[in-house]
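Here are a few friendly notes to read alongside the model. Take them one at a time, and keep the 3D view open as you go.

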Amino acid sequence: MAALGVAVIGFGWMGRVHTQAYARVPHHFPTAPTVRLVSVADDVPGRAAEAAQRYGFEESTAEWRRLVGDPRVAAVSITAPNFLHREMGSAFAAAGQHIWIEKPVGLTAADARAIAGDVQVTVGFNYRNAPAVEKARAIVAAGEIGTVTHARFRFLSDYAAHPDGALSWRFERARGGNGVLGDLGAHGVDLVRFLLGEIDALVADTAVFIPERPRPAAATAGHQRGSGPPGPVENDDWLGSLLRMASGARVTLDCSRVAVGEQNSYGFEIHGTAGALFWDFRRMGELGVGAGPSYQDEPVRTVHVGPLDGDFGAFQPGAGIPMGYDDLKVIEAARFLRSVADGRPYGPTLADAIRAAEALEAMEQSAASGQWITLGR
């Protein structure tokens with residue numbers, strides 16, 4: 001099979017992560033399709049050219065539209081800011097080019113639905129790729145902790161906790177959408193659905209805790225300090241939601257981008273009638289499991305994932321050897337390439353992104369009205 005021509009659109013941190021993932025796929029998944037790095041697009045002066053030279057793209061461009069319909073480009077990674085996802089995604093999908101796109105897929109559920117075409121679309125819900133998460137899903141599905149009764153999911157971070165953090169596009173409604181909801185809440189909703197099924201109804205509250213930030217002095221990458229005049233923060237810093245699952249389980253979801261003392265504190269606690277599961281992203285290869293005949297005073301043991309759990313075996317030969325965040329994106333890249341080759345999805349799809357966006361919009365509606373919102377099916 002000829003190498004698959006790919007382009008990366010947007011070359012901030014995530015564009016680099018995608019590019020490095022493509023390069024690593026053959027080392028971990030030797031039967032996956034091979035990749036040819038055709039082009040990298042970014043409108044920040046010099047960024048695309050530097051990326052092409054460093055990572056081996058055949059060319060670079062400041063204008064991503066030049067790549068729409070380019071016969072050399074069979075697939076694209078879309079890692080540009082959220083407000084560009086709808087325009088980019090719909091253009092490439094209509095041109096028949098497959099898409100690996102970061103979440104959220106646009107600013108609204110309508111944006112995600114606008115991406116239509118006979119193509120494979122893989123969405124960057126990378127936390128579900130952790131072998132311990134896949135092991136937890138199998139344990140829940142097998143009934144090993146009984147019927148799930150309640151759970152707590154958390155996505156807490158401090159990347160926006162500094163009051164001098166630059167007022168980048170992330171904090172603007174028109175370009176950053178609903179703030180922490182689309183950033184961390186999207187991951188949270190996807191992980192809830194992946195592990196526990198569909199959400200029937202929810203109630204939520206949101207808040208902005210840092211109402212003003214200094215404007216950036218130049219183009220930003222990541223979470224840099226600002227030094228310009230202050231401007232208003234237009235989207236939410238915090239989300240708290242209570243979910244009623246179709247299964248009858250109850251779930252709390254807590255997300256914050258301004259949680260001082262919390263660095264990427266992502267994880268879950270799932271309780272069932274006969275056991276419980278505990279996972280912390282920062283100890284990604286460990287799964288806490290409490291299950292047995294005791295019910296009361298049931299001990300929790302730490303299980304280290306091993307070669308038979310998810311795709312752990314593609315990276316390490318034995319249990320207890322750590323994996324990292326970038327490894328999850330290598331798994332995602334391999335599954336995307338497999339989706340393109342086989343013509344069927346592996347991993348999170350556009351439908352998953354739409355369902356997550358619908359839940360987030362229901363949370364916004366609930367926060368504004370103070371009412372429970374029932375989700376459609």
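1. Contact here means heavy atoms within 4.5 Å. Thr 349 touches Val 121 and Val 123, leaving aside residues up to four places away in sequence. This is a predicted model, in which local features need pLDDT of at least 70, side-chain atom pairs count only at pLDDT 80 or more, and totals for chains, interfaces and linings use all residues. Residues are numbered from 1 along each chain as its sequence is written, and side-chain values use heavy atoms, with hydrogens and water left out.

2. Is Thr 349 buried or exposed? Its relative accessibility is 18%, so Thr 349 counts as buried (under 20% relative accessible area; exposed is over 50%, partly exposed in between, with a 1.4 Å probe and protein chains only).

3. Now look at two helices (DSSP runs of H or I, at least four residues, numbered from the N terminus). The axes of α5 (residues 131–141) and α7 (residues 180–196) come within 8 Å and cross at roughly 40°. Axes are lines fitted to C-alpha atoms over the stretch in contact, with angles from 0 to 180 degrees between N-to-C directions.

4. Which residues of α5 and α7 make the contact? From α5 come Val 133, Glu 134, Ala 136, Arg 137 and Val 140, and from α7 come Leu 191, Phe 194, Leu 195 and Leu 196.
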